[in-house]
Amino acid sequence: MRFVELSSTTMGALLEDDLARASAEAGVALTEYFVTDRAKWVWQYRVNQLTSDPGCAGWLTQMVVAEPEGVVVGYAGFHGPPDEAGMVELGYSVIPVHRRQGYARAILTALVRRAVAEARVRTVRVTISPDNTASLATISGFGFVEVGEQWDEEDGLELIFEVPV
């Protein structure tokens with residue numbers, strides 16, 4: 001599996017429903033999954049982050065490509081670089097046709113490894129809807145502990161899980 005970083009130009013093309021241009025910019029074939037309302041919310045949020053802080057680029061959402069097939073199976077990354085307490089929050093989304101094939105667990109493994117490799121990171125966080133049994137099952141075995149809950153304007157009630165690195 002490999003991750004493909006997205007430029008503001010690529011995300012802009014996705015926001016304009018231009019899959020051909022976004023695919024050409026990213027160098028991978030993207031599908032309609034990447035221009036859904038949910039995905040476009042992510043791209044807009046990330047473009048705004050990049051505009052205000054170009055240095056956060058390597059931490060943000062990237063395309064996930066299964067190898068050796070070269071098929072994009074989803075997107076994943078962090079919500080930003082480590083904060084002042086050394087915390088990073090991760091997120092991932094797997095295209096429905098590729099779910100239940102181990103990609104979410106592989107993505108989670110890769111993101112946690114990335115966080116562990118960064119000296120500034122002390123804690124990895126993930127927030128999950130209490131109804132999302134698939135994601136709750138995915139994080140089991142990674143040492144995440146429920147530390148609270150929050151209300152997210154986009155996603156509603158979320159359980160907060162953290163693991164020290």
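Trainee: What should I keep in mind about the numbering and the model?

Mentor: Residues are numbered from 1 along each chain as its sequence is written, and side-chain values use heavy atoms, with hydrogens and water left out. The model is predicted, and local features need pLDDT of at least 70 while side-chain atom pairs count only at pLDDT 80 or more, although totals for chains, interfaces and linings use all residues.

Trainee: How many helices and strands are there in the protein chain, and what makes a stretch count as one or the other?

Mentor: The protein chain has 5 helices and 7 strands, where helices (H or I, at least four residues) and strands (E, at least two) are DSSP runs numbered from the N terminus. Read from the N terminus, their order is β-α-α-α-β-β-β-α-β-α-β-β.

Trainee: Where does the N-acetyltransferase domain lie?

Mentor: UniProt, in an unreviewed entry, places the feature "domain: N-acetyltransferase" at residues 9–164; UniProt positions are given in the numbering used here, feature names are shortened, and annotations may be inferred rather than shown by experiment. Over residues 9–164 the chain is 34% helix and 28% strand, with its end C-alpha atoms 35 Å apart.

Trainee: How do you know that the radius of gyration of the protein chain agrees with a compact globule?

Mentor: The radius is taken over C-alpha atoms, and the globule rule is 2.2 Å times the number of residues to the power 0.38. For 165 residues a compact globule would have a radius near 15 Å, and the protein chain has 15 Å, so the two agree. Along its principal axes, the C-alpha trace spans about 40 × 35 × 30 Å.

Trainee: Why is E149 called exposed?

Mentor: A residue is buried under 20% relative accessible area, exposed over 50%, and partly exposed in between (1.4 Å probe, protein chains only). E149 has a relative accessible area of 55%, so E149 is exposed. This residue lies in strand β6 (residues 145–152), and apart from residues up to four places away in sequence, E149 touches L157, E158, L159 and I160, a contact meaning heavy atoms within 4.5 Å.

Trainee: Why are Y33 and F34 called an edge-to-face pair?

Mentor: Rings of Phe, Tyr and Trp (its six-membered ring) pair if their centres lie within 6.5 Å, and planes under 30 degrees apart count as stacked, over 60 as edge-to-face and the rest as tilted. The structure holds 6 aromatic pairs. In one of them, Y33 and F34 are 5.6 Å centre to centre with 90° between the planes, which is edge-to-face. Both residues are buried, because Y33 has a relative accessible area of 18% and F34 has 0%.

Trainee: What makes the pair of Y33 and Y75 tilted?

Mentor: The ring centres of Y33 and Y75 are 6.1 Å apart and the planes stand at 40°, so the pair is tilted. It links distant parts of the chain, since Y33 is in the loop between α2 (19–26) and α3 (37–52) while Y75 is in strand β3 (residues 71–78), 42 residues apart. At 8% relative accessibility, Y75 counts as buried. One aromatic cluster is formed by Y33, F34, W43 and Y75.

Trainee: What makes the link between E162 and R125 a polar contact?

Mentor: A polar contact is a pair of N or O atoms within 3.5 Å; within protein, one must be able to donate a hydrogen and the other to accept it, and residues adjacent in sequence count only if both atoms are side-chain atoms. The side chains of E162 and R125 are joined by such a contact of 2.4 Å. E162 lies in strand β7 (residues 156–164).

Trainee: Why are D17 and R100 classed by their accessibility as they are?

Mentor: D17 has 46% relative accessibility and therefore counts as partly exposed, whereas R100, at 86%, counts as exposed. Most residues other than glycine have a negative phi, and most peptide bonds are trans. Phi is positive for D17, near 60°, and for R100, near 65°. D17 is found in the loop between α1 (8–15) and α2, and R100 in the loop between β4 (87–94) and α4 (103–117). The peptide bond from E67 to P68 is cis, with omega near 10°.
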